Amino acid sequence: MSPRSAQKQQTRKALMDAARTLMDSGRGFGSLSLREVARSAGIVPTGFYRHFPDMDALGLALVAEVGETFRETIRAVRQNEFERGGLIDASVRIFLDAVAANRGQFLFLAREQYGGSQPVRQAIAELRQRITGDLAADLRLMARLPHLDDPALEVFADLVVKTVFATLPELIDPPAADLPPHLRPEEKITQQLRFIMVVGKHWQGLGGR
């Protein structure tokens with residue numbers, strides 16, 4: 001990579017980091033202005049346009065970034081499923097470690113799935129659908145629910161993925177000190193996933209009664 005390309009990549013990353021840092025104070029992506037993101041990244045506002053045509057494009061880059069991190073994490077969970085027999089506790093720990101190591105990325109994802117930027121919301125919805133498709137394919141390959149056909153597996157995978165996405169805000173920050181153990185995010189998501197799996201084993205599918 002040429003020095004010029006490396007500098008451009010570094011500045012692009014600085015803009016993405018700046019947006020996440022500004023959101024870390026509790027603000028949504030839609031409330032950020034191009035000028036303050038550029039200023040926080042240490043460049044002039046006109047320099048922003050060398051990397052992104054507008055703020056929505058920056059938001060889409062942030063979705064792509066966390067999407068890759070999320071899918072890498074799912075691949076690690078998948079490897080755990082294949083190699084160790086699908087221990088939900090171990091899989092949850094892999095996911096929580098990834099959230100802790102990439103807090104800014106997952107904070108953005110947790111907030112902006114319901115945020116003010118429509119292109120960003122749509123991109124997150126598409127990411128969630130891709131992850132759901134990956135999980136449904138894994139379930140077919142592992143034959144964990146052999147009695148379910150492809151449409152039923154897709155519904156099942158959708159429930160799992162939406163449960164994880166919905167729990168993300170609770171996983172980002174430490175729980176309250178007085179929260180009962182069974183309501184702490186790690187324990188709660190573990191039990192929820194166990195519940196979903198048990199129900200899935202007894203569900204008759206979309207045509208069942």
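The lining of the second largest pocket of this predicted model comprises, by class, one nonpolar, four polar and three charged residues, where Ala, Val, Leu, Ile, Met, Phe, Trp, Tyr, Cys and Pro are taken as nonpolar, Asp, Glu, Lys and Arg as charged, and the others, Gly among them, as polar. The residues concerned are R4, Q7, K8, T11, I43, G47, R50 and H51, and helix α1 (residues 3–23) contributes the most to this lining, with four residues. The space within the second largest pocket amounts to about 180 Å³. Grid points are joined across faces, edges and corners, and the volume is the space filled by probe spheres set on the points.

Because the model is predicted, local features are reported at pLDDT of at least 70 and side-chain atom pairs at pLDDT 80 or more, whereas totals for chains, interfaces and linings draw on all residues. Residues are numbered from 1 along each chain as its sequence is written, and side-chain values rest on heavy atoms, with hydrogens and water left out.

The secondary structure of the chain consists of nine helices and zero strands, so that the pattern read along the sequence is α-α-α-α-α-α-α-α-α, helices (H or I, at least four residues) and strands (E, at least two) being DSSP runs numbered from the N terminus. The C-alpha trace of the chain spans about 60 × 40 × 30 Å along its principal axes. Of the 209 residues of the chain, 41% count as buried, a term that denotes under 20% relative accessible area, with exposed denoting over 50% and partly exposed the range in between (1.4 Å probe, protein chains only). Among the contacts in the chain with a separation of 6 or more, 65% are accounted for by residues 24 or more positions apart, a contact being defined by heavy atoms within 4.5 Å.

The chain is divided into domain 1 (1–52) and domain 2 (54–202), with bounds that come from an automatic or database domain assignment. The C-alpha centres of domain 1 and domain 2 are 27 Å apart, and 18 residues of domain 1 are in contact with 17 residues of domain 2.

In helix α2 (residues 34–41), the buried residues are L34, E36, V37, A38 and A41, and α2 is followed by G42, whose phi is positive, near 85°.

Several individual positions were examined further. T190, placed in helix α9 (residues 185–202), counts as buried because its relative accessibility is 4%, and beyond its neighbours within four places in sequence T190 is in contact with I88, D89 and V92. E186, also found in helix α9, has a relative accessible area of 35% and is therefore partly exposed. With neighbours within four places in sequence again left aside, E186 is in contact with V92, R93, L96 and L171, while E186 and L145, 41 residues apart in sequence, are 25 Å apart in space, C-alpha to C-alpha.

V160 lies in helix α8 (residues 150–172) and is buried, because its relative accessibility is 16%. Residues up to four places away in sequence not being counted, V160 touches L135, L193 and I196, whereas T21, 139 residues from V160 in sequence, is 30 Å from V160 in space, C-alpha to C-alpha. T69, in helix α4 (residues 55–84), is likewise buried, with a relative accessible area of 12%, and T69 touches N102, Q105 and F106, residues up to four places away in sequence not being counted.

Terms used. 1 Å grid on protein atoms, 1.4 Å probe; cavity = no way out; pocket = protein on both sides within 12 Å on 5 of 7 lines; lining within 4 Å.
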